[in-house]
Amino acid sequence: MKKKFKMENLDCANCAAKMEDAISKLDGVTDCSVSFLTQKFMLDAEDDKFDAALEEACKIVSRIHHDTKVLV
């Protein structure tokens, strides 16, 4: 399953790269991208693991940059 989400308050390209790297290592994630310029997040994960991967991805985003939110 592949979905795109808007992000809020992502103001650091380096943080976006760190988020993308960490999220891509999650179990069940086949692809992801975090775009600093467009403020968008794309997650592609196995259908049965998508919800868990999205929840963990949101935690990673908050941990790396506490003001940034994924609008789900």
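**Reading the labels on a predicted chain**

Trainee: Why is G28 called buried?

Mentor: G28 has a relative accessible area of 8%. The model is a predicted one, and the label rests on a cut-off: buried means under 20% relative accessible area. The 8% of G28 falls under 20%, so G28 counts as buried.

Trainee: Where does G28 lie, and which residues is G28 in contact with, leaving aside its neighbours within four places in sequence?

Mentor: G28 sits in the loop between helix 1 (13-24) and strand 2 (29-35). With neighbours within four places set aside, the contacts of G28 are D44, A45, E46 and K49. Contact here requires heavy atoms within 4.5 Å. As for E56, 28 residues away along the chain, its C-alpha is separated from that of G28 by 11 Å.

Trainee: How do you know that F41 is buried?

Mentor: The relative accessible area of F41 is 0%. F41 belongs to strand 3. Beyond four places in sequence, its contacts include F5, M7, I23, C32, V34, L54 and V70. F41 and K6 are 35 residues apart in sequence, yet their C-alpha atoms are 6.2 Å apart in space.

Trainee: What makes N9 partly exposed rather than buried or exposed?

Mentor: The value for N9 is 43%. Buried means under 20% and exposed over 50%, with partly exposed in between. Since 43% lies between those limits, N9 is partly exposed. N9 is in the loop between strand 1 (2-8) and helix 1. Its phi is positive, about 70 degrees, although N9 is not a glycine. Q39 also has a positive phi without being a glycine, at about 60 degrees. That residue is in the loop between strand 2 and strand 3 (40-45).

Trainee: Are C15 and C32 buried or exposed?

Mentor: C15 has 11% relative accessibility, and C32 has a relative accessible area of 5%. Both values are under 20%, so C15 and C32 are buried. For the chain, 35% of the 72 residues count as buried.

Trainee: What makes the protein chain as compact as a globular protein of its length?

Mentor: First the elements: the protein chain has two helices and four strands, in the order β-α-β-β-α-β from the N terminus. Its radius of gyration is 11 Å, close to the 11 Å given by the globule rule for 72 residues, so the chain is as compact as a globular protein of that length. Along the principal axes, the C-alpha atoms fill a box of roughly 30 × 20 × 15 Å. Of the contacts between residues at least 6 apart in sequence, 59% join residues at least 24 apart.

Trainee: How many side chains of the protein chain are positive and how many negative?

Mentor: There are 11 positive and 14 negative side chains, and the centres of the two sets lie 4 Å apart. The accessible surface comes to about 4,400 Å², and 49% of that belongs to carbon and sulfur atoms.

Key: Residues are numbered from 1 along each chain as its sequence is written. This is a predicted model: local features need pLDDT of at least 70, side-chain atom pairs count only at pLDDT 80 or more; totals for chains, interfaces and linings use all residues. Side-chain values use heavy atoms; hydrogens and water are left out. The radius of gyration is taken over C-alpha atoms; the globule rule is 2.2 Å times the number of residues to the power 0.38. Buried means under 20% relative accessible area, exposed over 50%, partly exposed in between (1.4 Å probe, protein chains only). Accessible areas come from the Shrake-Rupley method with a 1.4 Å probe; for residues, only the protein chains shown count as cover. Lys and Arg count as positive and Asp and Glu as negative; His and the chain ends are not counted. The place of a charge is taken as NZ of Lys, CZ of Arg, CG of Asp or CD of Glu.
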